[in-house]
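The sequence and the model are shown first, and a description by topic follows.

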Amino acid sequence: MYNLRSCCEVKMEIQSSLTAYKSLLESYGISGNLLGVFISLLVVVVTAVLWKLFFGGKAQRTGVLLAGLSDSGKTILFTQLISGVVKETHTSLKENEAQYIVEPNQGKTLTVVDLPGHEAIRLQYLEKYKDNARGIVFVVDSGSFQKNVKDVAEFLFQIFTDKQLNKIAPSICIACNKQDLFNSKTKTVILNQLEKELNTVRKTQSAALSSTSGGGEDSVFLGRKEEDFQFSHLSKFKIEFLECNAKPGLEESANVNLEELKMWISSLI
Amino acid sequence: MLDFFSIFSKGGIVLWCYTFQGVKASFTEPINALIKTVLLQERGGTSHFTHGALQMQYKLDNEFELIFVVGYQKVLTLLYVDKLITDVHRDFRDRYRQKLLDGSLSWITLNFSYDNQFSILRSNAEVKGSKKVTTMRTFDKSEKSKKTIKSMTIDKNKDAKDAEIKKKTNSPKPEKAVKPSVEVPAVQPNVPESNNTLDPDAIARNREALAKRAAASKAKGKKTAPKKTGKSARVWQNGGNAKDAESLDRSGITNKDVLTNGHSHDDNVTAEQKNWVNTSSKIQDLEIDEDEILEEEEYEDEDEDVEEDMEEQANTKKSSGGIFSMFRGLVGSKALTKEALQPVLNSMRDHLIGKNVAADIAEKMCDSVANKLEGKMVGTFSTIASTVKQSLNESLVLILTPKRRVDILRDVLETQRAGKPYVITFCGVNGVGKSTNLAKICFWLMENGFRVMIAACDTFRAGAVEQLRTHKTRLHTLHPPSMHGGRDGVNLFEKGYGKDAAGIAMQAINAAREQRYDVVLVDTAGRMQDNEPLMRSLAKLITVNSPDLVLFVGEALVGNEAVDQLVKFNQALADYSNAENPRSIDGIVLTKFDTIDDKVGAAISMTYTTGQPIVFVGTGQSYPDLRRLNAKAVVHALLK
């Protein structure tokens, strides 16, 4: 009942506003054919806007973003996913974008975008592509994780507290790459370390949350205030940890292993 | 001769790579250094780069988004490398044009078998390079044939006469007290230039000059004479006489001040200042023309209706872009040439200089943007000016975005865990605001619950220690020990004037460690960048104490000086330190930001010169006037 009433009200409002607009145009001396042209243009614009509003939902987003620190293996992962070939890579200056066919469901493709990881440009490219993000693969270098844990946590924090990403709520998976290295950490170790680090970072990055903040941006507080940070507290993003290895190593055991990652991507559809 | 030649896309994927004589050393590391230092710091104007023993030359292809890099040993001077790169660029582009134009990265699987062609090109270039024999010019082409004989003959007699005349005009100088310096050099050049002997005109001119000088000195003598009788001694308030000694004495603790743990209480703390406590732990971003930024960023406002309106606006923009993008594909696109870019870049450079960016920095930036845009395809609906402006915008944001994590609170927590104090050193030239901003940062750290020790290592400037003591007293009043678990929130470590700054700093750090202070802020004396003994002592302070953060304090009003200051400071810290890895400046504090409206160019000059981020921005003279740099807002103000 409530819905019907609101619907009718909206319809009547649109009608009344249209007639008001028509009379306004006529008062300006525009009549006849030109009036028709104006009204049709108006209808086109309104329909386009409504279309975008209603159908700008999750079904439209087809992007899988590969994000992470510099030298974590994103571009090699990208070439492996797209072509199965390993190519030598250098620090990316620009994004790489290509279509990826999700295997079990034939014919459905997703756009995989490999964002550059260098600190100076990564936020710019994230801004550009986050609108189309259906899933984000955050690639972590498991070998040098201990050294870079603070930087990884800072970037993750920026992703988790981004307002638009909170609105879109893509699925996020944290891919612990370079598992072929002998000193690589497992995903549980990385998970625990990141939880501890993010617990500290959320306090230092949004420093005045217990007292009144003096304007500027109101950042989102991660997790629950009274408890230590845990990834399960982030209800909006579906976070998963997985291990992968994009480069074939010298030993037999260190082969390319992207099974978990490919399964996760196919679960996005 | 070459070590390697690599062709890779801007997205990082290597298309083809050649290593000389099968040397399988991976050249990823020097190439990454090239990318990070040159291309990601907008120093792309020059095409050379040296990394250790390797010299690299590169060329950007902006049409297909490729980078061509050649590397060779620095000790070899190969003349044919320029030509080789250009030839390979042209040949590679023509050969694989079809495959590269296919946008869906289908060339990832392709194996570019370019080795044979490359060796042909290389041998061609080597041969042509060695053939560069320079032929002698013929006499007709030289400049000597164009001169007259008379101008070239040396007349020894004439020279002697010229020297005499010079002595005559010089001798009247020491007799007169006042010399109009403008006129003397005007007289002298006339004499040697004339080919003839001294003519009556020159004599008359000299006599006139003498007469003028005499008249000027006489006039000045007349002016000074009556003044002396009228002069009276000027009386300064609190001028330092024995009578004023009592009111000026701040060394002891007078009866008026209330004793609390050895700190005197400051009664002049106003209510407004008390309001700052517990509200200023977060540093806000700079606010520059927020309403204009709101148009671009859709999600600033919290009100839902306004948000939806913004969404609609943005969506209509997108949909209209969608309609025209159809047409953009139909109409042809043109490639940008350097000649077409030049006038736009010139106007952009002048605009930047008008916004207080240093002149050679603006020049380098425009060169780098030209390098990035040359050969790029643009649709006919977008003008050259808009493309250049957008590219410049991206470059400027790139420069202002920090290249490493800047989170001081996190680092302080880290050292707190290790049981050491976090040491921050402030250095800079005179009068930029080191002590003031030190007090502001101290307040911010105390707001976040840390205990701070201030080390007064400015032992030269009169009143420096008293200034810091006043700050300490006031901060102590605003943050009594009850807020820091019964212990002092702030303390001052000083040893008076005239002592060695490095020694004081070391003692301060040791004291802070014993008394469990979290941060030590070291205030140094202001010094000019070309004052060698002072730069030496600064380098010694930094080497001996190895602070966690060396901050250079620079004011936003500075123009071209900024580059000179920073270069010389960095150089001094590197040269005068005996350590193996000398410390250099880690961050910049930009002060007096409230005095410039939108002439924010100093920020660009400083970050471009050092490559280090701007950590704090000072926007006033009270404690909460501390901000964090907002790169987009600053660039927006810069390009307005």
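## Nonpolar cores

In this predicted model, the largest nonpolar core has 116 residues, of which Leu396(B), Phe426(B), Trp444(B), Leu445(B), Leu521(B) and Phe616(B) touch the most other members. A nonpolar core is a set of buried Ala, Val, Leu, Ile, Met, Phe, Trp, Tyr and Cys residues joined through side-chain atoms within 4.5 Å. A second, separate core comprises 57 residues, including Leu115(A), Leu198(A), Phe49(B) and Tyr58(B). In soluble globular proteins, nonpolar side chains tend to be buried together.

Phe616(B) is in contact (heavy atoms within 4.5 Å) with Ile283(B), Ile408(B), Ile441(B), Trp444(B), Leu551(B), Ile588(B), Val589(B), Leu590(B), Leu626(B) and Arg627(B), leaving aside neighbours within four places in sequence.

## Basis of the model

Residues are numbered from 1 along each chain as its sequence is written, and chains are lettered from A in the order in which they are written. Because the model is predicted, local features need pLDDT of at least 70 and side-chain atom pairs count only at pLDDT 80 or more, while totals for chains, interfaces and linings use all residues; side-chain values use heavy atoms, with hydrogens and water left out.

## Chain B

Chain B contains 24 helices and 18 strands; these are DSSP runs, numbered from the N terminus, of at least four residues (H or I) for helices and at least two (E) for strands. Of its 640 residues, 46% are buried, that is, under 20% relative accessible area with a 1.4 Å probe, protein chains only. Among contacts in chain B between residues at least 6 apart in sequence, 76% join residues at least 24 apart.

Gln273(B) lies in helix H11 (residues 271–274) of chain B. Gln273(B) counts as buried because its relative accessibility is 14%. Beyond residues up to four places away in sequence, Gln273(B) touches Asn268(B), Arg474(B) and Leu478(B).

## The sheet of chain A

In chain A, six strands form an open sheet of mixed pairing, in the order S2-S3-S1-S4-S5-S6; two strands pair if DSSP finds at least two bridges between them. Strand S2 (96–101) and strand S6 (239–243) of chain A stand at the edges with a single partner strand each, so one side of each has no neighbour in the sheet.

Strand S5 (residues 171–177) of chain A runs parallel to S6(A) and is joined to S6(A) by five bridges. Ile172(A) has Ile239(A) as its bridge partner in S6(A).

Conventions. Buried means under 20% relative accessible area, exposed over 50%, partly exposed in between (1.4 Å probe, protein chains only).
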